[in-house]
Amino acid sequence: MTKRSPSYHTYLQLDRLLDCQLPPSFETGSDLDTRELLHHEELLFIVMHQTIELWFKLVLADLEAARDLIGRPGERDRQVPEDDIPRACSYLHRGAELFRHLTGQFTIIETMAPLHFLSFRDQLIPSSGFQSWQFRELEVLAGLPEAERINFEGKPYFAHMEPERRAGIDRRMKEMSLREAVVDWLARTPVEEAFPGFVDTFLEAHARYIDEQAAHQARNPNLAPEQTAAIRGRFERAKDEARAFFREGDETLRRAHAAFVFISTYRREPLLRWPYALLERALEFEEHFRLFRFRHARMVERMIGLRVGSGGSTGVEYLDATAGKYRIFGDLLHSVSYLIEGARLPVEPPRPDILRFRYQG
Ligand code: HEM
């Protein structure tokens, strides 16, 4: 057989790719029998979904690569070689950039008039982005807790999917998630060895800092006495929350939380710069994942108002609920409110010899 040289279109399989923008007719039961587009705008609708699904494919690959670098399944005690952290950072950064890009794409679908969408929308029912199995894989791989999910009509999301579409999601559920990998990696940071008594010292310094803040507010001439009292209560709660952050949850979570604060506090130490960058990239990824949800909900509001979704949900109400509730690293992000400057900690900086062992293997 003669070997063919690749051309632009053979390498990219453009014939196949550009031959699937006509939907199946669904009349004959065969996916090969297609129908004509019902409206000029239907091509936009199809291309938008297809391109976003292609980008989802890349985000999945990047998230998986980042996860494998920091916490390979079955190797929970593995030291992460120093060089792997910048690589994991670049995969997470690209995942965030991809979501930023996808969020920007909603302006393109908004060039379609709502009434034009209505001219073909009925033909789509009951299909919905709700059934995007790659999106569900992304949520599971990122580490969205199943217990946090919002069901509609008492049924979980997979009840709305064809059984053969669930296989990938089931597989992801058995794997380590990105969150688990990050938490595991954090929990292996030898905080107490590098800085004996770190958590107690930190909490004392934090409490002193909060008392200073409360004293400033107590002198605020713009507040009525009952407002000052309410603020004092808020400051006391802030101390309780900081203590709970370090002391509640299982040992892995407690260690991970201590490590998050430790790395953030001493981020300028040369050996902690890349670990800090990794945490920043993980939070950045989640931020853009969430912004995608918010932006999708705004686009949907413009396109269908408060109508029931094509998948049968409450539409915008459901989408806003998931955007507000679904979190991956919410606990880490919220702990930013407990951070205090390192100079407020009255002890020597962490021991580089211990950290070197941890991060350089
Ligand atoms: C006219 C354009 C669109 C409308 C009106 C729309 C509407 C909706 C609605 C109402 C839902 C909630 C489930 C339901 O009842 O159907 C939903 C879910 C979803 N849509 Fe869209 N959508 C549009 C475009 C897109 C695009 C371009 C994407 C990109 C792939 C997308 C991805 C998703 C995803 C992933 C979900 C599941 C979200 C979740 O469960 O949290 N949608 N969409």
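Reader: How much of the chain is buried?

Author: Buried residues account for 43% of the 361 residues in the chain. Keep in mind that this is a predicted model.

Reader: How many helices and how many strands?

Author: The chain has 16 helices and 0 strands. Its C-alpha atoms fill a box of roughly 75 × 65 × 35 Å along the principal axes.

Reader: And the contacts, what share join residues at least 24 apart?

Author: That share is 77%, counted among contacts between residues at least 6 apart in sequence.

Reader: On to the ligand. What does the protein give the iron atom as a donor?

Author: A single donor, NE2 of His296, at 2.2 Å. His296 sits in helix 13.

Reader: Which residues come nearest to the ligand?

Author: Ser128, Arg136, His296, Ser313 and Tyr318, out of 26 residues around the ligand.

Reader: Which polar atoms lie by the ligand's oxygen atoms? Start with Arg136.

Author: Arg136 has a polar side-chain atom 2.7 Å from an oxygen atom of the ligand. For Arg293, an N or O atom in the side chain is 3.3 Å from a ligand oxygen. Ser310 has a backbone N or O atom 3.5 Å from an oxygen atom of the ligand.

Reader: Which elements give two or more residues to that shell?

Author: Helix 3 (40-70), helix 6, helix 13 and helix 14. Helix 13 gives the most, with 6 residues.

Reader: How does the shell divide into nonpolar, polar and charged?

Author: There are 13 nonpolar residues, 11 polar and 2 charged.

Reader: Is Glu139 buried or exposed?

Author: Buried, because its relative accessibility is 0%.

Reader: What else does Glu139 touch?

Author: Leaving out residues up to four places away in sequence, Glu139 touches Leu144, Phe289, Tyr326 and Ile328, among others. Arg149 and Arg293 are also in that set.

Reader: Which residues are buried in helix 5?

Author: Phe117, Phe120 and Arg121, in a helix of residues 114-121. They lie on the same side of helix 5, because their arc around the axis is only 110°. The buried residues of helix 5 pack against helix 3 and helix 13.

Reader: Which residues other than glycine have a positive phi, then?

Author: Gln13 is one, with phi near 50°. Phe26 is another, with phi near 65°.

Reader: Where do Gln13 and Phe26 lie?

Author: Gln13 lies in the loop between helix 1 (8-11) and helix 2. Phe26 lies in the loop between helix 2 and helix 3.

Reader: How accessible are they?

Author: Gln13 counts as partly exposed, at 41% relative accessibility. Phe26 counts as exposed, at 61%.

Reader: What about Gly29, buried or exposed?

Author: Exposed, because its relative accessible area is 69% and the cut-off for exposed is over 50%. Gly29 is found in the loop between helix 2 (14-17) and helix 3.

Reader: Last one. What separates Gly29 from Gln213?

Author: Their C-alpha atoms are separated by 68 Å, and the two residues are 184 apart along the chain.

Definitions and conventions:
Residues are numbered from 1 along each chain as its sequence is written. This is a predicted model: local features need pLDDT of at least 70, side-chain atom pairs count only at pLDDT 80 or more; totals for chains, interfaces and linings use all residues. Side-chain values use heavy atoms; hydrogens and water are left out. Donors are N, O and S atoms within 2.8 Å of the metal (3.2 Å for Na, K and Ca); water is not among the atoms, so sites may look incomplete. Helices (H or I, at least four residues) and strands (E, at least two) are DSSP runs, numbered from the N terminus. A residue is near a molecule or strand if one of its heavy atoms lies within 4 Å of it. A polar contact is a pair of N or O atoms within 3.5 Å; within protein, one must be able to donate a hydrogen and the other to accept it, and residues adjacent in sequence count only if both atoms are side-chain atoms. Ala, Val, Leu, Ile, Met, Phe, Trp, Tyr, Cys and Pro count as nonpolar, Asp, Glu, Lys and Arg as charged, and the others, Gly among them, as polar. Buried means under 20% relative accessible area, exposed over 50%, partly exposed in between (1.4 Å probe, protein chains only). Contact means heavy atoms within 4.5 Å. The arc is that of the directions from the helix axis to the C-beta atoms.
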